[in-house]
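The following exercises are to be worked through with the structure in view. Each task is followed by a solution in steps.

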Amino acid sequence: LGVMIMGDLLPHEDGFNQLSYNLALTNGAPSMKNDDNASKDLIAALTWRPIKHLMVKGAYNWGEYGPNWQPMNRMIVGAWYNNPTGLDLRAEYGMIKAKQNGVTIVDEQGAYVLAAYHVGKWLPVVRWDMYKDKAGVAGYSDYNRALVGVSYELCKNVKFQANYLHKMPNADGAKNSNEIFLMGIFKF
């Protein structure tokens, strides 16, 4: 919950805005977590669209979490080229850092790179993503993952998707894993 101010700057003759901003003051709770302090988060984001299908975005979050008011700063940068009748390229990098009393309590990084190409009703896709917990306190295992998938849009309200996911954990002794996902998406 919170308040957001957003707007567009630098309108372009092609009907899209070249520069947009968001500034938000929120309760600061991460997704699906209770907000157990009175602190608020400040989030600032800029989005730049130099050409029609390309968007570059950066955001920074200043905040505090938990009953002990632990400081938490998050940063994310990304670029997306989305042509609805051709190539889709996406990449994002994000990190979260927090220190309390001079001790690192959170130091996490995540990133992904995705490529897809629209071929009629088909959308083949490949993606690589990673996660690292440098502080080793979050309880999640570091990994690299590769995904190969395809979507088929039967009609406007029905889509089928198949994905193969190969996970390569970075922890000693951890084994690679393989998963296959078959999904149907039905809109009413």
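**Exercise 1.** Determine whether Arg145 is buried, partly exposed or exposed.

*Solution.* In this predicted model, the relative accessible area of Arg145 is 21%. Buried requires a value under 20%, and exposed a value over 50%. Arg145 is therefore partly exposed.

**Exercise 2.** Identify the residue whose side chain meets that of Arg145 in a salt bridge, and locate both partners in the chain.

*Solution.* Step one: the partner is Asp129, with 2.8 Å from N to O. Step two: Asp129 belongs to strand S8 (residues 122-133) and Arg145 to strand S9 (residues 143-155). The pair, 16 residues apart, thus links distant parts of the chain. Step three: Asp129 has a relative accessible area of 6% and is buried.

**Exercise 3.** Explain why the salt bridge between Asp41 and Arg74 ties together separate parts of the chain.

*Solution.* The closest N and O atoms of this pair are 3.7 Å apart. Asp41 lies in strand S3 (residues 41-48) and Arg74 in strand S5 (residues 70-82), so the bridge joins parts 33 residues apart in sequence. Asp41 is buried at 1% relative accessible area, whereas Arg74 is partly exposed at 29%.

**Exercise 4.** State how many helices and strands the protein has.

*Solution.* The protein has zero helices and eleven strands.

Terms used. Residues are numbered from 1 along each chain as its sequence is written. This is a predicted model: local features need pLDDT of at least 70, side-chain atom pairs count only at pLDDT 80 or more; totals for chains, interfaces and linings use all residues. Side-chain values use heavy atoms; hydrogens and water are left out. Helices (H or I, at least four residues) and strands (E, at least two) are DSSP runs, numbered from the N terminus. A salt bridge is a side-chain nitrogen of Lys or Arg within 4 Å of a carboxyl oxygen of Asp or Glu. Buried means under 20% relative accessible area, exposed over 50%, partly exposed in between (1.4 Å probe, protein chains only).
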